Amino acid sequence: MIRAHGYAAQNAESPLAPFTFERRDPGDKDVVIQILYCGVCHSDIHQVRGEWGNSTYPMVPGHEIVGRVTSLGKGVTKFREGDLVGVGCFVDSCRACGSCKEGTEQFCEGGMVLTYNGVEKDGKTPTFGGYSSVIVTDESYVLRIPEGIDPAAAAPLLCAGITTYSPLRHWKVSAGQRVGVVGLGGLGHMGVKFAASLGAEVTVISTSARKEADARRLGASQFLVSTDPSAMAKAMGSFDFILDTVSASHDVQALLGLLRRDGTLVLVGAPDKPLAIGAMGLLFGRKTLAGSLIGGIAETQEMLDYCGEKGIASDVEVIPMQQVNEAYDRTVKGDVRYRFVIDMKSLSV
Ligand code: NAP
Ligand code: ZN
Ligand code: ZN
């Protein structure tokens, strides 16, 4: 077994604290990865704090993992020692169902194996995530990080990146379309970068007026404060596509009103409470309300390669592990520009 050091939550109320555990010895197809950086996703906070009702403890969170390959099983063909690689939200799936065969492993009919807060395919071994020194992952679920991207700024691409890239591609967002991105946090700021890179005319729809200058720097041409009723009224019926990344309860009905006829609102944010939708908001204007979940392995690699070509990465605040609990509180307050990323070197000091 391989000894791993990390931080874990012991229950929904306790802060994350040092935790030592074991990783499996690499099997034939496994890659051993020394973790360099791991992003702090709001999904980590929801799960650590038991907000989705699916939490098991101890929990080592983290699914925005970037590291270096330090050793390989003898059947590994995709990677070599020293490669810079990533691991995202899942580390295995059944590989046989329609979703897996079509490259949408995130919808695996047998259930994907989550990177943490999940169980391995043996049905009993808990999975532990990337707030740790080392991870052992089957090569089929490991991504290649393109040369030239700062590894710390690449980490959030493994979740925030693919979660925003995938719906923009699926719904074929293209040049000239009017796109709204709701919530300028980890996901939102990547949504702005991707939508702008596709040539869309991007508006950030935010509760935080102080984020306007950043929104414009990230690629938005307009900024709409969602708590300003007159600005919202003026913007009614003006968007082709809205990507909603909000992590808490909010007024989705008002956002539907911002869509044009035949417009689409896609939820990627995952608030713990149900959202209120009136039928009329969809009927009038034949509007579509949809959802999207991360992305498959092939699409995640496509997104990483796209980022490599276009020079896209995340805006990050790099922190030592010892500051992770404070980073959680700041993220919940919307006080992050725009993703915290843990530097794993801090585990050994
Ligand atoms: P984040 O960095 O905390 O950003 C969320 C943003 O939502 C905040 O910065 C804030 O933006 C806005 N917001 C927060 N509370 C709000 C409220 N009460 N009303 C209106 N707006 C509010 O979080 P994240 O990491 O981007 O994650 C966002 C959500 O996506 C989480 O629920 C997470 O679990 C989920 N998620 C889903 C997937 C998926 O596959 N679908 C993947 C990853 C994460 P402003 O200050 O601009 O208003
Ligand atoms: Zn995430
Ligand atoms: Zn499957």
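Visitor: How many bridges join β3 to β4?

Guide: In this predicted model, strand β3 covers residues 30–39. The strands β3 and β4 run antiparallel. The number of bridges joining β3 to β4 is seven.

Visitor: Which residue is the bridge partner of Cys38 in β17?

Guide: Strand β17 comprises residues 339–343 and runs antiparallel to β3, to which three bridges join it. Within β17, the partner of Cys38 is Ile342.

Visitor: Which residue in β8 is the bridge partner of Asp30?

Guide: Strand β8 spans residues 134–138 and pairs with β3 in the antiparallel sense over five bridges. The partner of Asp30 in β8 is Asp138.

Visitor: How many of the ten residues of β3 are buried?

Guide: A residue is counted as buried under 20% relative accessible area. By that criterion β3 is mostly covered. The number of its ten residues that are buried is eight.

Visitor: What is the geometry of the site of the zinc ion (ligand 3)?

Guide: The ion is coordinated by the SG atoms of Cys94, Cys97, Cys100 and Cys108, at 2.3 to 2.4 Å. Four donors count as tetrahedral if all angles lie between 85 and 135 degrees. The angles among the four donor atoms of the zinc ion (ligand 3) are 103 to 120°, and the site is tetrahedral.

Visitor: What spacing do the donors of the zinc ion (ligand 3) follow along the chain, and are Cys100 and Cys108 buried or exposed?

Guide: Cys100 has 9% relative accessibility and Cys108 has 8%. Because buried means under 20%, Cys100 counts as buried, and Cys108 likewise counts as buried. The spacing of the donors along the chain is C-x2-C-x2-C-x7-C.

Visitor: Which protein residues are the donors of the zinc ion (ligand 2)?

Guide: The donors follow the spacing C-x21-H-x95-C along the chain. Their distances from the zinc ion (ligand 2) are 2.0 to 2.2 Å. The protein donors are Cys41 (SG), His63 (NE2) and Cys159 (SG).

Visitor: How many residues apart in sequence are the parts that His63 and Cys159 tie together?

Guide: His63 and Cys159 are both buried. His63 lies in the loop between α1 (42–48) and β4 (65–72), while Cys159 lies in the loop between α3 (151–154) and α4 (160–170). The pair therefore ties together parts whose separation in sequence is 96 residues.

Visitor: What is the handedness of the crossing in which α4 passes α5?

Guide: The crossing in which α4 passes α5 is right-handed.

Visitor: Which strands are the edge strands of the open sheet of six strands?

Guide: The strand order is β12-β11-β10-β13-β14-β15, with parallel pairing. Neighbouring strands of this sheet are turned by 20° against each other on average, direction ignored. Each edge strand pairs on one side only, and the edge strands are β12 (222–225) and β15 (288–291).

Visitor: Which residue in β12 stands opposite Val204?

Guide: Strand β11 (residues 201–206) pairs with β12 in the parallel sense over four bridges. The residue of β12 opposite Val204 is Phe223.

Key
Residues are numbered from 1 along each chain as its sequence is written. Chains are lettered from A and ligands numbered from 1 in the order in which they are written. This is a predicted model: local features need pLDDT of at least 70, side-chain atom pairs count only at pLDDT 80 or more; totals for chains, interfaces and linings use all residues. Side-chain values use heavy atoms; hydrogens and water are left out. Two strands pair if DSSP finds at least two bridges between them. Helices (H or I, at least four residues) and strands (E, at least two) are DSSP runs, numbered from the N terminus. Axes are lines fitted to C-alpha atoms, for helices over the stretch in contact, and angles run from 0 to 180 degrees between N-to-C directions. Donors are N, O and S atoms within 2.8 Å of the metal (3.2 Å for Na, K and Ca); water is not among the atoms, so sites may look incomplete. Buried means under 20% relative accessible area, exposed over 50%, partly exposed in between (1.4 Å probe, protein chains only). Four donors count as tetrahedral if all angles lie between 85 and 135 degrees; four count as square planar and six as octahedral if opposite donors are over 155 degrees apart and all others between 65 and 115; anything else is irregular. A crossing is left-handed if the near helix is turned anticlockwise from the far one by less than a right angle, and right-handed if clockwise.
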